[in-house]
Structures are given as C-alpha cells and as structure tokens.
Amino acid sequence: MKTSKTIENPDVILIGSGIMSATLGTMLKELDPALKIQLYEMTESFAQEASNGWHNAGTGHAGICELSYTPDYGPDGKVKVAKAIEIFQQFEHSKQFWGYAARKGILKNSRECINPVPHLSFVYGQAQVDFLKSRFEGMQAHHFFKDMEYTEDREQIKEWAPLLLAGRDDTPIAATKMAPGTDVNYGVLASKMIEWLGAQPDAGYATCHRITNLTKVGDRWEVEGINLKTKARFKNSAKFVFIGAGGGSLPLLQKSGIPESKGFGGFPIGGQWLICDKPEIV
C-alpha cells in the first residue's frame, strides 16, 4: 500500500489514479508549482482498473492499426482517413509530453512503460481487403503514415506474423504494418507520474480513500469520503475537482448537480485479452 499524504483545502482534488488524473495532476503542478493538489484513490495501489497493463491494450492509439477510426467510405468511394490523422496528431502530443517528463526526471526509466513496437492490421475476405487497401492509400498519402506498408502477399504476411497464416484457407487476406508504433503501459506510466506528484511540495495522494459525495459550497467543491482501512469518514474541499474514477465517475458527476451531468449513461464493456508468455511464440 502506498503511503498517504493529505493536503487540506487544496486548489485541486483529483479523484482516481488512472492515466487521466495522473496526467492532469502532473501538468498542473509543472505549469504552476504553487498549486496545492490532492489525489484520492480507492484501491491500495495506483491505476489498477482501466489503465492497468492487463486491462488495457497499451497499443498507444495513434490511428495506425485501429480500423474503427476509419469505418466509412466517402462520396468518392475511398475510405475516409481524417479521423486517423487527427488521432495520430493527438498521440504525438502525448509522446512529446512524455519525452518532456523523461527529460525532467518525472518519468525515471521510461523504458518500463513506453517502448517501440510495430503495429499491424489484418483483414480477410475480399470486401475487407478492398477496404484496407483504400485505407492504406489514403493514409500513406499523409506524411504521418509514410512508413506504412501494405501487402496481400501471404509470404510477406507470414514473415510479419507467422501464426496469422497457420491453418488458413485461400480466402483473400491483407495486412498493413507500421514499424514505428508505440507500446504503452499506462498503469506504470500513471504510477510514475503520481509518485512524482506526491513528492512535490503541497501535493499529496491518499490510497484506500473512496469519494462518496460531491457538493458545491460557495465557490468551492466539498468532497466527502471514507477511509476504507479505518472506516473513518472525511471531508475536504477544493476550487476544482477532476473526476477520473472509472466506473464510479458517473454517479459522482450526477451528485455534483451540474447541468452537464444530465443525459449521460453508462454500459459495461467486456472482453478477453489473449496473453502469451512464451518468448519463442512471441
């Protein structure tokens, strides 16, 4: 369990210790070291839910291999790639920030959480092959994706990812590859930033602290919660509150009473990651 430190009546309260809270807290403290910042996390460690390495693909979503960013054809009959370009640019900003954080010592040993890895997209069936080819042509025309490769050649695909060809019939297939992709362990990344944040003056974090209510009192927000270890209840207040509490965000947002909380809903998303720990297969 992390050692807790509480800042009373800070300028900013961050709820949750995932990558969003970690990034915001780090940026704010670096931009204005005088800010008083308090972070609350309900688990014993940081970034254990959506940002955790076992719960997140970690591909560094840059529009390179995510076909969901380019699902539609334009009136010219070609796949629309504008969203992929936008996503790539946003991810470049993230990498620039992480590079800055590494140079400043905020991220020590960045290789523990950020590494280069090729990104591949693979499709089968003639309609999907046509889609991927059009997508590739549109993306490679932009300098962001000049290094992207496309092939329908089975031997080439087998060289890139041998298991994709094992036992496969003669259905048309295609793949794209972009060598300069990024693998990100967002859980480790968030933990490193929060640990740095907690070591700064007038900044602290408290694990095993669950926020249960959020109320506007004058020009400040009052948060109420419970220490899950001692069962003691507590209150704190801040000028600004950021809710990055995963599945607990919507109830807290609704309790805040702000107009923007109306009309939102949530639904569970389930999935399975296929994990291989045999180096010879990987």
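Predicted model: local features only at pLDDT ≥ 70, side-chain atom pairs only at ≥ 80, totals over all residues.
**Start at F145.** F145 counts as buried, because its relative accessibility is 0% and the cut-off for buried is under 20%.

Look at the two rings together. The centres of the F88 and F145 rings are 5.1 Å apart, and the planes stand at 70°. Planes over 60 degrees apart count as edge-to-face, so that is the name for the pair of F88 and F145.

Where do F88 and F145 sit in the chain? F88 belongs to helix α2, residues 82–104. F145 lies in the loop between α3 (126–140) and β5 (149–151).

Keep F88 and F145 on screen and select F144. These three residues, F88, F144 and F145, make up one aromatic cluster.

**Go to F136 and Y150.** Select this pair next. How are the rings of F136 and Y150 arranged? They are stacked, with 5.4 Å from centre to centre and 25° between the planes. F136 is in helix α3, and Y150 is in strand β5. They are 14 residues apart, and this pair too links distant parts of the chain. Are F136 and Y150 buried or exposed? F136 is buried, with a relative accessible area of 13%. Y150 is buried too, at 19%. Over the whole structure, a search finds nine aromatic pairs.

**Find a charge over a ring.** Select R168 and Y124. The charged end of R168 sits over the Y124 ring, 5.6 Å from the ring centre.

**Turn to two helices.** Select α1, residues 19–31, and α5, residues 186–198. Their axes come within 9 Å and cross at roughly 35°. The crossing is left-handed. Show the side chains where the helices meet. On the α1 side, look for I19, A22, T23, G25, T26, K29 and E30. On the α5 side, look for Y186, L189, A190, M193, I194, W196 and L197. By class, this contact has nine nonpolar, three polar and two charged residues.

**Zoom out.** Show the whole chain as a cartoon. How many helices and strands are there? The chain has six helices and 12 strands. Its C-alpha trace spans about 65 × 40 × 35 Å along the principal axes. Of its 282 residues, 40% count as buried. Last, consider contacts between residues at least 6 apart in sequence: 69% of them join residues at least 24 apart.

Note on methods. Residues numbered from 1 in each chain as written. Heavy atoms only, no water. Axes fitted to C-alpha atoms, helices over the stretch in contact; angles between N-to-C directions. Helix = DSSP H or I, 4+ residues; strand = E, 2+ residues; numbered from the N terminus. Left-handed = near helix turned anticlockwise from the far one by under 90°. Contact = heavy atoms within 4.5 Å. Nonpolar A, V, L, I, M, F, W, Y, C, P; charged D, E, K, R; others polar. Phe/Tyr/Trp six-rings, centres within 6.5 Å; stacked < 30°, edge-to-face > 60°. Buried < 20%, exposed > 50% of the residue type's maximum accessible area, 1.4 Å probe, protein only. Lys NZ or Arg CZ within 6 Å of the ring centre and 35° of its normal.
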